[in-house]
Amino acid sequence: RIEEYLENYSTDLDGDGKVNVSVINCSFNNDGNPQYKNTVLTKLQTQIVGNKEAVMFMVDKDAYDYMQTIAEGGIFGAEPIVLGEDFYNKTETEGLGKLPEGLMLALRRVDGTMLENEERTKAVYNECKNMIEKIKAN
């Protein structure tokens, strides 16, 4: 349901007539199983380094704070937006209920990184930035 929610604020970026939003779950809990947390953090770091299109992250405060320590100056450029009640209502499922409160959308820095000359990354970044602006306006 998260992907469906985000698709409502996105456009067809590659011109194939479809809006494609992919959400990769890298959420973790500081109080949980340390082995699971390490596995998730490895997955997260792999996405940051290896996926040139992974520019928007859904995070909670703990994940945001952690990710800001990964690289000098932090991973994220601008302040994240906190997702509102509309998000929680539209992503609620019968089996799992509502997602945990306090989720935010944050854009990683592209300028001043190895990604700044990647045309596809810049296009995805601009699309995600527009998506965030539309969500904020809603």
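Start by selecting Thr113, which sits in the loop between β3 and α5. Helices (H or I, at least four residues) and strands (E, at least two) are DSSP runs, numbered from the N terminus. The model is predicted, so local features need pLDDT of at least 70 and side-chain atom pairs count only at pLDDT 80 or more, while totals for chains, interfaces and linings use all residues. Residues are numbered from 1 along each chain as its sequence is written, and side-chain values use heavy atoms, with hydrogens and water left out.

Next, show the pocket around Thr113. The second largest pocket has a volume of about 380 Å³. Its lining has 14 residues, and Ile48, Arg108, Thr113, Met114 and Leu115 are the closest to its centre. A pocket is an open set of points on a 1 Å grid over the protein atoms alone, where a 1.4 Å probe fits, with protein on both sides within 12 Å along at least five of seven lines; lining residues have an atom within 4 Å of a point. Grid points are joined across faces, edges and corners, and the volume is the space filled by probe spheres set on the points.

Now select the sheet. This open sheet has 3 strands in the order β1-β3-β2, with antiparallel pairing. Two strands pair if DSSP finds at least two bridges between them. The edge strands, each pairing on one side only, are β1 (56–59) and β2 (81–82). Between β1 and β3 (residues 104–107) there are 4 antiparallel bridges. Pick Phe57 to find its bridge partner in β3, Ala106.

Finish at the largest pocket, with about 1100 Å³ of space. The elements that give two or more residues to its lining are α1 (2–7), α2 (34–50), β1, α3 (61–67) and α5. Which element gives the most to this lining? Helix α5 does, with 5 residues. The lining has 42 residues in total, and Ser22, Val23, Ile24, Met56 and Met58 lie nearest the centre of the pocket.
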